[in-house]
Amino acid sequence: MSAAPPAALADPMLPAPWRVRAVRRETADVVTLDLVPLASGVPCFAPGQFNMIYAYGVGEVPVSLSGDPADRSCFVHTVRAVGAVSAAIAGAAPGSVLGLRGPFGSAWPVDAAAGHDLLIVAGGLGLAPLRPAIYRVLARSERFGRIAVLYGGRGPAELLFRDELAVWGARADVTVAVTVDHADPSWHGHVGVVPRLIGQIGFDPPNTVALLCGPEVMLRFTATALRAAGVAAERIHLSMERNMKCAIGLCGHCQFGPDFVCQDGPVLRYDRIAARLAVREI
Amino acid sequence: METLERLLLGHEFLAGIDPALGRRLVGCARNLRFAPGEYLFREGGPADEFYLIREGRVALELHAPARPPIVIESLGGGEMVGASWLVPPYRWGFDARATADTRVFGLDAHCLRGKCDADHHLGYEMMRRLLPVMVRRMQAARQQMLDVYGHPPA
Amino acid sequence: MSPTAPPGPDAQTTPVLLDRAGLQALVDALVARGFDVIGPTLRDGAIVYDRIADIAALPAGWTDRQEAGRYRLERRADAALFGYAVGPQSWKRFLHPPEETLWRARRQDDGFTITPEPPAPAPFAFLGVRACELHAIAIQDRVFLGGAHQDPGYAARRQGAFLVALNCGTAAGTCFCASMGTGPRAESGFDLALTELIDAARHDFLAVAGSEAGAALLAVLPTRPAGSDATAAAEAVLARTKAGMGRHLDTDGLKERLQANPEHPRWDAVAARCLACANCTLVCPTCFCTSVADHTDLAGTEATRVKRWDSCFTADFSFIHGGSVRASGKSRYRQWLTHKLAHWIDQFGSSGCVGCGRCIAWCPVGIDITAEAAAIRAMPGKAVGEGKGGNA
C-alpha cells in the first residue's frame, strides 16, 4: 500500500475556446453572437439549455442558447449588456475568442408537447431561450394542435427578433401576438402586459402546454392567468433565473428551494414550484 | 332592432346575461364606427357613453406637454372601454383612439345609469361584469409600473 | 485505497492495542508512504488541524469547553492526546480548500489557451477524524462526487486520502451528534479507527481497521492483542461521551416543517440577532458553496480563475442583474438553515448537519441551530408539499 496517484477526471470547469463568427445587433444593448469552436465540433443542445461564456480576464456568465438546435454549424447566443462580463461578451468583435462551457441545464419539453395546443409566452429577453423551441416546433408544426407565440416587451424598440416574429406571424400554422408595456402612438400593436394576450387567442386550455420565459414577475402573473384560464399546472413550464456560477450543481449559488436552477432547471415545472414562487427572497 | 339585440347580447362583455335583463340595454345602444386615428373620446370630455368593442383596436393614451403621447393600454374586440361614465363627475381620464377600423356598440351613459338606478338587479348585473375587468386592468397597470423588462436602477 | 471499502477477507478487524510509541509508528509509517499527515495541534488558543510528523505536536492534556458563542481551551487532569471535542476547522479545509486555482489562461495572437492547475502532489492522511467528521466527509463526497458532474480537484484529494478516525472520549456542550445519528462512534468510512484509553494504569489506543489499506498498515505496526478489558473500556468511553452530549436536535418531521414555514415569525427573530458574518458556514464541515474570481496580470497576458469558499450569508451570493434575491438577513438565515436541515435531504439524500456544534460555538452572538430548528418545528405549518421542481 502506498499513496495512490490521483486519477484524472474530465474537468467540467474548464472552458473551451470558441471564435465569434458573426455579430448581429438586436436592440440598443442586445446582440446575438454566432460562435464556432476552435478545436471540436459543435455539440448537440436541447432548447432551453444554456452555456457558460467566459470573457478573457473579465469573468463568466450563463447565457441561453438562442439558435436553431438543428443548425450544427455554430452556437447562437443572445446577450444583453447589463454587467461587466455581459458587456464584454456583448462587445466581442467578430474573430475574437471567448471561452465556453456547456450546454447545461434542463430543456423545454417540446417533444412531450406533441398532440397538444402549445402556448409559447416570452417577456423581454426571455424570447431568446424560447427561440430554439420555436424553431423546433415550427419545423414539425403538424405534430401540435394550435401554436401561439405571445411576446411582451418594454417598448417597440426593445423587442427582439422583430423580423422573425413577422415571418412566423405570416405563417398559417402559428399565431403571433406581440404586446408592449407602453408605446408612442406610432405603434399600432397591442399595449399591455403579456397575460392580457392570453384571453385574445384561441386555444383549448385543458389540452394546452405552455412554455414561459421572462422576468420572474411576468412568469408569476402569466402562470396565474394560465391557471385561471384552465391550463393544468403540470403542463406549465417556466425558465428561472438565479445566480449560476458553476453550472454543475457544485457552487450552491443558484439554489431555489431544493432545486439547483443550473441543474434541475432552468426549465422547471410550475406545479412543483408554484408555492415557492409566491415566497419573497427564497 | 332585432339584429342589434342579437349582436349586443352576443358581445363577450354580456356573455350569459339573462336575456330579459340584456334586452333592457338595447334601448340605450347604438352602432358606431371609427376609422384609424379617430378618437372615441378625449381626456376631460363628458363620459356620456359606454363602449363595447366589436372589432378593431382602441389605444388608451395619456399626453403631457412637450412629450409624445404614451399608449398605456390597447383594447380589442370583445372588450369594453372606460368606466368614467359610472363615476361622477362623468369625465374621461384619458384619450381613446382607434388604431384600426373599429366597430363598437355605444351605450348612452345617461340611459344606462337611469336603468341601473331604477332596477338594482340590472345594476348589480352590470357591476359584476364591470368590476372584474377593472380589477384585471388595475393589476395589469401595477405590473406595467414595475417596468420588469427595463434596466434595473444601478 | 478507497476508505469506504470494507475490509476484505485478509483485513485485520480484531481490535488491537497501540501505545504512544505505536501511535508515533503509525505517523511514521504514513509519512514513509508519502502521505501528508495532518492532525490536531495547538495554535492561537484553539485546536487546529495542521501538518504533523511527531505526536508531540498533539494537544496533550488539553480539552475544549464550548457553549453558544464560546470556545475555550482548558487543561485536563490527564495527558490525553485527543481529549477535546472539535476545533473550529474541519477536514473540509484540506479536501475542499478555502482557495483553489482552477486554471490559467494565456493570451495568444489567436485568442487564448487554458491550462488546468495540476492537483496537489501528496495525498493526505488525517489523524483524529471524529465520527461527525466522517459523516461530513461522506456528505461532501455525495455533493462533489455523487452527482452528474464531479469536482476533479476534490476527487483527486479525496481519492488519495487515508483516514484515521478517533472515537470521541469527550463531548462538548455544543455537541449533538448522538441525536443526528452521526456519532460518537466511528462506524464506517475510515481506514483505521482508534479509541483513546487513558487512566492511571495505561495510555493506549484501541485500533480497528475499516479498510484493507487500514488493515495492511495496522499489520506492520507494533501492536498487541486487546483483551476484553480494553474493548470494554472503549465501550465505556463511548457510552460516557454519548451521555455527555450538551445538545439535542429532534429531526422527526423537521424537514417538512421547515419547508412549509418560510414566513414563520422565528425567522425575523433570529434575523434580528444574526450578523450575517458567515462564521457558521465557514466552520461547518459540510457547507460547500464557492464562488470564482477571475484575475489577470498587469500586462493581461495571463488570466487565472480562483475558486473560493463563499457563503449564503454574503450580500452578493444570490445576485442577479438588478440586485440580490436574498437581500434581507432573514432570508439568508432561512436559506442556510432550511438548506442544511431540509433541502439537503431532497438534494443529497441526507441532512446536511452532522451535529458537530461548530456553528453554535463560533457564532459571535451565540445563535443555536438546535434551538432555532426546535422553534420552527414546534409550530405546525400548512404543508406546501413540494419536492424538487425538475422536468423529469
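Where in chain B does Thr99(B) lie?

Tutor: Thr99(B) is found in the loop between β7 (95–98) and β8 (102–108) of chain B. Helices (H or I, at least four residues) and strands (E, at least two) are DSSP runs, numbered from the N terminus. This is a predicted model, in which local features need pLDDT of at least 70, side-chain atom pairs count only at pLDDT 80 or more, and totals for chains, interfaces and linings use all residues. Residues are numbered from 1 along each chain as its sequence is written, chains are lettered from A and ligands numbered from 1 in the order in which they are written, and side-chain values use heavy atoms, with hydrogens and water left out.

With a relative accessibility of 10%, Thr99(B) counts as buried. Buried means under 20% relative accessible area, exposed means over 50%, and partly exposed lies in between (1.4 Å probe, protein chains only). Leaving aside residues up to four places away in sequence, Thr99(B) touches His188(A), Pro36(B), Arg57(B), Val58(B) and Ala59(B); contact here means heavy atoms within 4.5 Å.

A disulfide is a covalent bond between the sulfur atoms of two cysteines, and the criterion used is a pair of cysteine sulfur atoms within 2.5 Å. A search of the whole structure finds one disulfide over all chains. Cys28(B) and Cys111(B) form a disulfide, with their sulfur atoms 1.8 Å apart. The angle about the S-S bond is -65°, and this link is left-handed. Cys28(B) lies in the loop between α2 (19–26) and β1 (29–34) of chain B, and Cys111(B) lies in helix α3 (residues 109–118) of chain B, so the pair ties together parts that are 83 residues apart in sequence. Cys28(B) counts as buried because its relative accessibility is 5%, whereas Cys111(B), at 23%, counts as partly exposed.

By contrast, Cys312(C) is in no disulfide; the nearest cysteine sulfur, that of Cys289(C), is 6.0 Å away. Cys312(C) counts as buried at 10% relative accessibility. For Cys353(C), the closest cysteine sulfur is in Cys359(C), at 6.4 Å, which is too far for a bond. Cys353(C) is buried, with a relative accessible area of 11%.

Chain C also contains strand β10 (residues 192–198). Six of the seven residues of β10(C) are buried, so this strand is largely enclosed by the rest of the structure. Two strands pair if DSSP finds at least two bridges between them. Four bridges join β10(C) to strand β9 (residues 162–167) of chain C, and these two run parallel; Asn167(C) stands opposite Thr195(C) in β10(C). Seven bridges join β10(C) to strand β11 (residues 203–209) of chain C, and these run antiparallel. In this pairing, Leu197(C) stands opposite Asp204(C) in β11(C). β10(C) and β11(C) form a hairpin, with four residues between them.

Finally, chain A, which supplies His188(A) among the contacts of Thr99(B), may be described as a whole. Chain A has six helices and 15 strands. Buried residues make up 60% of the 282 residues in chain A. Along its principal axes, the C-alpha trace of chain A spans about 70 × 45 × 40 Å.
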